[in-house]
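Student: I would like a close look at a single part of this model, a helix, with the reasoning spelled out, and then a careful account of how the rest of the structure reads around it.

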Amino acid sequence: MHVLLVLAALYAVLPLVWLVTSATKSVGDFSTTGAFEFGQFSLGANLGALFTQENGVFLAWIRNSLLYAGLGAVLGSLICAACGYAIAKLDFPGRRALFAVTLTGVLVPTTALALPLYLLASQLEVVGTFWAVFIPLLTNPFGVYLARVYAEAAVPGEVLEAARTDGAGELRTFFTIALPMMRPGLVTIFLFQFVGIWNNFFLPLVMLTDPKLFPMSLGLYQWSTRVTQFPQYNPLVITGSLLAVLPLVVAFVLLHRQWRSGLAAGSVK
Amino acid sequence: MTVLTPERAASVPAPARPGATAQGRRGRGRAGLVLAAPFAILLTATVLVPIGYALYLSLFTDRLSGLGFSGPTQAFVALGNYVDVLTDSAFHASLGNVALFVLIHIPIMLGLALLLALLIDSAVVRLKRVWSLAVFLPYAVPTVITGLIWAYLYSPNSGLTALLPFDPLGKTGILPSIVNIATWQWVGYNMIIFYTALQAVPRDVLEAARADGAGGFRTAWSVKVPMIRPTMFVALVFTVIGSLQLFTEPLVLRGFTGSVTSTWSPSLYVYEAAFIANDYGRAAAASVLLALVSALLSALVMRLSARRSR
């Protein structure tokens, strides 16, 4: 039993260990030393090369990833919370229809949407801009579904009634009373939307041509297509990958209580 | 368990409270519209309109008119693009690859996730948190990076290839290689979902099973697994939808081996048709077919789940 768990943990962690050891190797050692051995320690040199390659474009990729994922997740989870709360707690025309369409939105494969999105964006002449990637990534039907579940569970009707009796407007009630009560759920939606956008690759691949607008995953992919011809790209791709993975791993380790309870509410109801 | 059952999910409207005036209700309706509007607009602009546009585009094709001086014109071809896609042997091959991928990946990945969840759930195991976190970590790795890491590990100088009876980047090895990448990424995520579901199994049910003399294995198989079946069906639906979209892993591996064709999976087929062949009509038709297959399979899984949990 324990053996199996140890094996599973090794299977999960060893490729990440490989990423760490490889990021410290020089170009030459990379092809001559074993996968999990250390070569001559060149992490500093690799990082230097990473940040100076193509006039420091990697720094722009970090900034873009943070902007797409950070801003996208903040705005996206607010929009989800508002809509989920409205569906759960406020009776408005078309609310059932909206919820039904939202559930359909959860099931539509994103790769099937990317092409029509690209063509629409090119009609509107926004292809190749920040917005062509940012706006579609804000849409998170699963987040609305989760927000509805949280609002139903965490915001008691009596509290809303009391606020109404005190003469608070509906919008004010949402922002000052309901939103703080939904906070644990919101953190979960934020976390998953952040990961979703951070990991997203298809949409930027389709929409963007200017490397200055790339998120990290797209930039590293582009570099990786050159490694067979130019081995000097190997340390760039590997060290860059390590930097792209680290913040998420750290976030998940630090916030594990948060996402565990979030998963629970999303899947076991 | 309401993720995919709209009829149960739609909440019953609250009965009119004695204090609620007609004016108050109207105010609530207005506020509801205001709060729901941003998402409703996004959903329309980035999901509904694109779906409609894809349906429309799939009925047309670009034809060069006359000598080609005036640029291409759109010609209505009805279901012609669908016929093209459905009779294209490259499309058949991509469907075949994904079907094989699903048949191998899903039982291995979900089976392993369930087994690990049951092991961690059984009270004997200490360090639960450490094990589950370790197995979960690959989920935090972006798919592109996951693909890159494994592409390097599959290459001959990593030393890993010496342990395998086949070449992971060769013609026959490429499918198991892609299965392995997807399994590595998703097994921990699903394990956590199953584990959380297992923790919701009432302890007195487990006590009763023990009192009846059921051992650990028997309890797991006959008591715990049936109780988390709805969760397993949801995980199955999401895994099926995810698998049909298979794109990033084969695309990344393409940079390292010639074994992955430009139309290896249906998503790659759409990408190739749109951005390399510039045949938007055919690409749109393939997108619509992909969405249809996803919807049909999800509906099928949901039907099965509804029947089983009754």
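Tutor: The expected span of a helix is 1.5 Å times one less than its number of residues. In this predicted model, helix 14 of chain A covers residues 233-254, and because its 22 residues should therefore span 32 Å at 1.5 Å a residue, the computed separation of 32 Å between its end C-alpha atoms agrees with the expectation.

As for its setting, UniProt, in an unreviewed entry, places the feature "domain: ABC transmembrane type-1" at residues 62-254 of chain A. Over that range the chain is 79% helix and 0% strand, with end C-alpha atoms 21 Å apart.

Turning to chain B, the "transmembrane region" annotation of an unreviewed UniProt entry covers several stretches, including residues 33-56 and 174-198. Residues 33-56 of chain B are 100% helix and 0% strand, with end C-alpha atoms 30 Å apart, while residues 174-198 of chain B are 100% helix and 0% strand, with end C-alpha atoms 35 Å apart.

The domain assignment divides chain B into domain 1 (33-76) and domain 2 (86-305). Their C-alpha centres lie 32 Å apart, and six residues of domain 1 of chain B are in contact with five residues of domain 2 of chain B.

Finally, helix 12 of chain B, residues 266-276, has nine of its 11 residues buried, so it is largely enclosed by the rest of the structure. Among the buried residues of helix 12 of chain B are B:P266, B:Y269, B:Y271 and B:E272. Just after helix 12 of chain B, the backbone at B:N278 takes a positive phi of about 55 degrees.

Notes
Residues are numbered from 1 along each chain as its sequence is written. Chains are lettered from A and ligands numbered from 1 in the order in which they are written. This is a predicted model: local features need pLDDT of at least 70, side-chain atom pairs count only at pLDDT 80 or more; totals for chains, interfaces and linings use all residues. Side-chain values use heavy atoms; hydrogens and water are left out. UniProt positions are given in the numbering used here, feature names are shortened, and annotations may be inferred rather than shown by experiment. Helices (H or I, at least four residues) and strands (E, at least two) are DSSP runs, numbered from the N terminus. Domain bounds come from an automatic or database domain assignment. Contact means heavy atoms within 4.5 Å. Buried means under 20% relative accessible area, exposed over 50%, partly exposed in between (1.4 Å probe, protein chains only).
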